[in-house]
Amino acid sequence: MRYSLLPSIERTVQKTGITIDHVTYFSEVLRKWIIPQGASKKASSRLFICKRDPRDISKIYFYDPDINKYFEIPYRNIKNPKINLYELRNTIAKIKADRGETHSIDETTLFQTYHRMKKIEENSKIKTKKARRQKSSKKHLNEKLKAHLCMEKKGYLFNDKPVDRKSVV
């Protein structure tokens, strides 16, 4: 039931695993489905059902037709971060914009670009927060200065200290 609502993708199993959107997944469960080099064309083109949660593409669910069961298959490189499908597509679009449509995309480039984009995003958040704080601080200091000047003008201050008007009389 859990897998029935996830989007399905049909893929073949290669020596390196299953590749979907430039990301490769591998687990020992796939070993029996890896096509030997001397196999017939029909055997090498066998498609398997894979399901992937768009909110977390760090794993796919591979359907084993022999035992009618889904298996969780992680990234081939488990060091890659968990990302969602939207972030993956933005990263692919960024690579294509930078290097051109014809440039081939490999998994390493994909995740390096993702890390760069995340770093830029984090830096901009920090800069925005810093700018907001500085603006607020300037506004606060200006209000304090105006109040100070107003009090000085009215004679409430003497040598930057408040004057008790009752004792001056």
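Trainee: Rings of Phe, Tyr and Trp, the last taken by its six-membered ring, pair if their centres lie within 6.5 Å; which residues form one aromatic cluster on that basis?

Mentor: Y3, Y61, Y63 and Y70 come together as one aromatic cluster, and please keep in mind that we are looking at a predicted model.

Trainee: How many aromatic pairs does that rule give?

Mentor: The count comes to seven aromatic pairs. One of them is formed by F48 and F62, whose ring centres lie 5.4 Å apart with 45° between the planes, which makes the pair tilted.

Trainee: Where in the chain do F48 and F62 lie?

Mentor: F48 belongs to strand β4, residues 48–53, whereas F62 belongs to strand β5, residues 56–64, so the pair ties together parts of the chain that are 14 residues apart in sequence.

Trainee: Are F48 and F62 buried or exposed?

Mentor: F48 is buried, and F62 is buried as well.

Trainee: Staying with F62, what is its bridge partner in β6?

Mentor: The bridge partner of F62 in β6 is F71, and the two strands, β5 and β6, pair in the antiparallel sense over six bridges. They also form a hairpin with four residues between them, and N68 in that turn has a positive phi of about 50°.

Trainee: And how many bridges are there between β4 and β5?

Mentor: β4 and β5 are paired over four bridges, again in the antiparallel sense, and in one part of that pairing R52 has I60 in β5 as its bridge partner.

Trainee: What is the order of the strands in the open sheet?

Mentor: Four strands make up that open sheet, running in the order β1-β4-β5-β6 with antiparallel pairing. The edges are taken by β1, residues 8–11, and by β6, each of which has a single partner strand, so one side of each is left without a neighbour in the sheet. On average, neighbouring strands of the sheet are turned by 35° against each other if direction is ignored.

Trainee: Let me step back to the whole chain; how many helices and strands does it have?

Mentor: The protein chain has four helices and eight strands, and from the N terminus on the elements run β-β-β-α-β-β-β-α-α-β-β-α. Of its 169 residues, 28% are buried, and the chain exposes about 12,700 Å², with carbon and sulfur atoms supplying 54% of that area. If you take the contacts with a separation of 6 or more, residues 24 or more positions apart account for 56% of them.

Trainee: Changing topic, how many salt bridges does a search of the whole structure find?

Mentor: Eleven salt bridges are found. Among them is the one in which the side chains of R31 and E28 meet at 2.8 Å, N to O; there R31 counts as partly exposed at 48% relative accessibility, while E28 counts as exposed at 53%.

Trainee: What does D66 form a salt bridge with?

Mentor: The partner of D66 is K32, and their closest N and O atoms are 3.5 Å apart. This pair links distant parts of the chain, with D66 in the loop between β5 and β6 (69–74) and K32 in the loop between β3 (23–25) and α1 (41–44), 34 residues apart. D66 itself counts as exposed, at 52% relative accessibility.

Trainee: And which residue does E107 form a salt bridge with?

Mentor: E107 pairs with R76, the closest N and O atoms being 3.6 Å apart. E107 counts as buried at 10% relative accessibility, whereas R76 is partly exposed, with a relative accessible area of 44%.

Trainee: Which residues do salt bridges that share partners join into one network?

Mentor: E87, K118, E121 and K125 are joined into one network in that way.

Trainee: Last one: where is the place of K15?

Mentor: K15 sits in the loop between β1 and β2 (18–20), and with a relative accessible area of 61% it is exposed. Its C-alpha atom is separated by 7.4 Å from that of I35, which is 20 residues apart from K15 along the chain.

How values were computed: Residues numbered from 1 in each chain as written. Predicted model: local features only at pLDDT ≥ 70, side-chain atom pairs only at ≥ 80, totals over all residues. Heavy atoms only, no water. Phe/Tyr/Trp six-rings, centres within 6.5 Å; stacked < 30°, edge-to-face > 60°. Buried < 20%, exposed > 50% of the residue type's maximum accessible area, 1.4 Å probe, protein only. Salt bridge = Lys/Arg side-chain N within 4 Å of Asp/Glu carboxyl O. Pairing = 2+ DSSP bridges. Axes fitted to C-alpha atoms, helices over the stretch in contact; angles between N-to-C directions. Contact = heavy atoms within 4.5 Å. Areas by Shrake-Rupley, 256 points an atom, 1.4 Å probe, with all protein chains shown as cover.
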